[in-house]
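Subject: Structure handover

Hi,

Here is the structure for you to look over.

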Amino acid sequence: MSSARLTVARDQILIRWVLDMAEGPSDATVKLIDADGNGEITEREKADYFGLWQISIVDEIELAVDGRELPKHVDAFELTVQAGEQRAPYVRLVMDLSVE
């Protein structure tokens, strides 16, 4: 399930995009993230996996004012893998974007 929160301020717009993966897809995703297959997910592996998602996600988020598309910038991301029910992995991807 994905969701987005939009915060509008006088001088910028902030977007928080969240993807919560179900445990079944998360299991396969963990195998993709753990590129070297050693059972440990490093910060580098998280960054590499996020890089695969980033372009398609940013392209899918449309934000326009007066018909003009506004450029979006990725400010931060967080990818977490936790144990869900029955110890199956649960993956959550959070991305913070801004528009000025």
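The notes below cover the sheet, the helix on it and the aromatic pairs.

Please keep in mind that this is a predicted model.

**The sheet**

Four strands make up an open sheet, in the order β1-β2-β6-β5. The pairing is antiparallel. The edges belong to β1 (2-8) and β5. Each of these has a single partner strand, so one of its sides has no neighbour in the sheet. On average, neighbouring strands are turned by 15° against each other, direction ignored.

Two pairings are worth a look. Strand β2 (residues 13-20) runs antiparallel to β6, with eight bridges. Within that pairing, I15 has L97 in β6 as its bridge partner. The hairpin of β5 and β6 has five residues between the strands.

**The aromatic pairs**

There are two aromatic pairs in the structure. One of them is Y49 with W53, and it is tilted. The centres are 6.4 Å apart, with 55° between the planes. Why are Y49 and W53 separated by about one helical turn? Because they are four residues apart in helix α2 (residues 43-60). Y49 is buried, at 7% relative accessible area. W53 is partly exposed, at 26%.

The other pair is F50 with F77. Its ring centres are 4.0 Å apart and its planes stand at 5°, so it counts as stacked. The cut-off for stacking is under 30 degrees. F50 sits in helix α2, while F77 belongs to strand β5 (residues 73-83). The pair therefore ties together parts that are 27 residues apart in sequence. Buried or partly exposed: which is F50? F50 is buried, with a relative accessible area of 3%. F77 is partly exposed, with a relative accessible area of 34%.

Best wishes

Methods:
Residues numbered from 1 in each chain as written. Predicted model: local features only at pLDDT ≥ 70, side-chain atom pairs only at ≥ 80, totals over all residues. Heavy atoms only, no water. Phe/Tyr/Trp six-rings, centres within 6.5 Å; stacked < 30°, edge-to-face > 60°. Helix = DSSP H or I, 4+ residues; strand = E, 2+ residues; numbered from the N terminus. Buried < 20%, exposed > 50% of the residue type's maximum accessible area, 1.4 Å probe, protein only. Pairing = 2+ DSSP bridges. Axes fitted to C-alpha atoms, helices over the stretch in contact; angles between N-to-C directions.
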